[in-house]
There are 2 protein chains.
Amino acid sequence: MYVLYATRGSGNCFKPFLTLCQLSISFSVLEVDVLKGETRGDAFRRINPAGAVPYLMTTQGVGLGESNAMLWLIADGSSLMPQTALERAKSLQWMFFEQSKLEPHISPARFLGHIAPHLGKGREADIAAWREKARAGLATLDAHLAGNAFMLGDRYGITDIALYGYVHVGDEAGIAMQDFPSVCSWMERVREQPGYVPLSELCSTAKPFAAGHAA
Amino acid sequence: MYVLYATRGSGNCFKPFLTLCQLSISFSVLEVDVLKGETRGDAFRRINPAGAVPYLMTTQGVGLGESNAMLWLIADGSSLMPQTALERAKSLQWMFFEQSKLEPHISPARFLGHIAPHLGKGREADIAAWREKARAGLATLDAHLAGNAFMLGDRYGITDIALYGYVHVGDEAGIAMQDFPSVCSWMERVREQPGYVPLSELCSTAKPFAAGHAA
């Protein structure tokens with residue numbers, strides 16, 4: 001059974017969580033508290049030396065980092081996968097776009113402006129710059145979704161999950177999402193998919209990582 | 001036949017170029033001059049609205065961005081591909097690592113410190129910071145390669161090409177590569193692979209993009 005190491009509220013952690021839920025795959029979640037510094041602690045680094053979540057442990061005990069890479073393992077052979085070589089390449093084009101043009105901007109603007117605003121004091125200029133860069137990426141996404149129901153056309157899949165992870169919390173990053181109407185319509189379609197669960201469910205059944213790893 | 005839009009000396013452009021060469025696939029290169037601003041010009045943006053190279057056009061006229069995504073299309077079905085779901089996920093884990101922990105640091109340090117040093121004046125602190133971040137990524141890579149001949153174990157493939165693109169020009173970014181001996185040994189093994197061609201060959205047979213797209 002998969003074990004997902006995750007932190008509450010994380011868009012990256014949500015991606016493998018949503019995929020596992022939608023495919024009805026058995027898994028458990030261990031909650032690693034970023035705000036308490038647990039991801040950087042020795043106990044967690046013995047599991048993932050990179051000290052980052054999400055981290056996925058397979059039944060065979062192989063650990064995997066990088067949220068978008070996890071989707072390719074979890075969904076392998078399922079209807080959520082791209083089906084042709086060109087679809088696989090297009091899926092990856094958008095996943096690399098997400099990790100360079102959206103996540104690096106939405107994530108810190110949301111973290112310092114919404115999740116831990118006490119840490120964002122004095123960082124207002126950085127937050128504003130991240131928002132502007134995120135808006136540029138969202139404009140590219142909006143143009144693409146104006147002509148496509150889902151990221152690869154007519155069919156929902158892991159590419160949508162990869163993009164949705166941070167895009168759907170863009171409002172918490174201080175971005176006026178109504179400026180991107182095709183993105184908003186797509187987000188509604190994603191939420192209508194079978195087995196959809198909201199981000200708030202991510203750690204609802206989690207056990208605390210620390211409890212099992214006292215120093 | 002594939003058409004690769006590329007700029008001279010680019011580690012990202014080198015990745016699809018090397019893959020095409022090693023698989024003996026027919027293609028042509030059109031050289032888009034970044035230093036002259038051609039990637040940002042209207043003529044090129046009509047081909048790739050993102051205004052970035054590399055950009056790959058398939059025989060069917062489908063355009064593809066993101067260097068690492070291109071490898072999954074070009075090498076599909078070949079011996080350079082990862083073979084199992086876990087190998088594919090591990091390959092992607094390292095490709096996302098490359099695009100977040102190596103390329104964003106090696107590339108600008110090399111560009112402003114080596115390729116266009118006149119643009120790097122006054123940016124010395126940024127360049128030093130990029131080098132330090134790149135060294136952290138290279139240390140992770142070095143630890144991995146201490147126990148593996150290639151990125152996924154015993155067999156050379158697209159994961160090696162994706163990592164090699166920028167790592168092999170780390171010295172031009174001002175990084176003492178001898179500090180990473182397992183990386184250096186791996187780079188030698190990559191250069192011994194059948195069909196290997198150096199980065200200097202990237203635009204050796206290219207036609208200039210501008211010549212075919214006068215305003």
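Buried area is the accessible area, found with a 1.4 Å probe, that two parts lose on being put together, summed over both. In this predicted model, chain A and chain B bury about 2,000 Å² between them, with 75% of it on carbon and sulfur atoms. Residues are numbered from 1 along each chain as its sequence is written, and chains are lettered from A in the order in which they are written. Local features need pLDDT of at least 70, side-chain atom pairs count only at pLDDT 80 or more, totals for chains, interfaces and linings use all residues, and side-chain values use heavy atoms, with hydrogens and water left out.

Who takes part in the meeting of the two chains? Contact here means heavy atoms within 4.5 Å, and 22 residues from chain A and 22 residues from chain B are involved. Two salt bridges (a side-chain nitrogen of Lys or Arg within 4 Å of a carboxyl oxygen of Asp or Glu) link chain A and chain B. In one salt bridge, the side chain of Asp76(A) meets that of Arg88(B), at 3.1 Å from N to O. On the side of chain A that touches chain B, strand S4 (63-64), helix H3 (67-74) and helix H4 (85-115) each supply at least two residues; helices (H or I, at least four residues) and strands (E, at least two) are DSSP runs numbered from the N terminus. The largest share, twelve residues, comes from H4(A).

Turning to Tyr5(A), this residue touches Cys13(A), Leu30(A), Phe44(A) and Phe209(A), among others, not counting residues up to four places away in sequence.
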